[in-house]
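Trainee: Could you take me through one part of this model up close? I'd like to start with a pair of side chains and then see what surrounds the topic.

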Amino acid sequence: MPADPSPKIAGETPARSAGTQQRSATDRPPRASATSAVEVRRSNRRSRTVSAYREGDRTIVLIPARMSEAEEQRWVNVMLDKLAAQESRRVFDDSELAERAERLSAQYFEGRARPASVRWVTNQNTRWGSCTPAEGSIRLSHRLQGMPEYVVDYVLVHELAHLLVPGHGPRFWRLLEAYPRTERARGYLEGVVAADRLPQLPAARGE
């Protein structure tokens, strides 16, 4: 499962417009998102960074004023996941990872995917995970450690599916449809990769 190297997991993340239609860059008052506990604040001085922090029982997400509605929702989801990951750094050891893979196989593949080994590795800098069907081995990049559990589960399910279907054809993707958070997990990983590609600029004073 390919990925770009060295994704950043942090409270502040560089962001950039993806070419969608831009709205006025004037500062707007804070407004709540669809989730009442999340407040999105747009800043005319913030051009490339997105950040988030907890304030009491609310989460404040700071974004550039020019960001579109679609970009706003995507970055809110990414930042909420990053904060959750930072606050609950649950790292499974290899034995726990193997037990998790067994449970996921039973839940989504009726136990048909049976890996011989599941372990963390530190030499996968361009892939989130990999599978060798002939050996029944699954390897997950250590860079997934500390990410939300549903993201780790998605990568495990992805590699478990390769034990049943080696390639990435239609049958493989139909298998992944069984995991209900596939699209959200893929979106999270894409957001991590996108953040890593963008330059980090100094934050404006007072942001």
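Are D153 and R100 buried or exposed?

Mentor: Both D153 and R100 are buried, where buried means under 20% relative accessible area, exposed means over 50% and partly exposed lies in between (1.4 Å probe, protein chains only). Before going on, keep in mind that this is a predicted model: local features need pLDDT of at least 70, side-chain atom pairs count only at pLDDT 80 or more, and totals for chains, interfaces and linings use all residues. Residues are numbered from 1 along each chain as its sequence is written, and side-chain values use heavy atoms, with hydrogens and water left out.

Now back to your pair. D153 and R100 form a salt bridge, with their closest N and O atoms 2.5 Å apart. The pair ties together parts that are 53 residues apart in sequence, because D153 lies in helix α3 and R100 in helix α2. Helices (H or I, at least four residues) and strands (E, at least two) are DSSP runs, numbered from the N terminus. A salt bridge needs a side-chain nitrogen of Lys or Arg within 4 Å of a carboxyl oxygen of Asp or Glu, and by that rule the count comes to 6.

Let's look at another one. R184 and D81 meet in a salt bridge too, at 3.0 Å from N to O. Here R184 sits in helix α5 and D81 in helix α1 (residues 69-87), so the link spans distant parts of the chain, 103 residues apart. D81 is buried at 6% relative accessible area, while R184 is partly exposed at 39%.

E39 counts as buried, with 13% relative accessible area, whereas R58 is partly exposed at 28%.

The largest nonpolar core has 37 residues, and F109, W128, L140, L144 and L189 have the most contacts inside it. Among the elements that give it two or more residues are α2 (94-109), α3 (149-164) and α5 (182-197). With 10 residues, α3 gives the most. There's also a second, separate core of 13 residues, which includes V38, V76, L83 and A195. Such a core is a set of buried Ala, Val, Leu, Ile, Met, Phe, Trp, Tyr and Cys residues joined through side-chain atoms within 4.5 Å.

Finally, the bigger picture. The protein chain has 5 helices and 8 strands, and from the N terminus on, its elements run β-β-β-β-β-α-α-β-β-β-α-α-α. Of its 207 residues, 45% count as buried, and your D153 and R100 are both buried.
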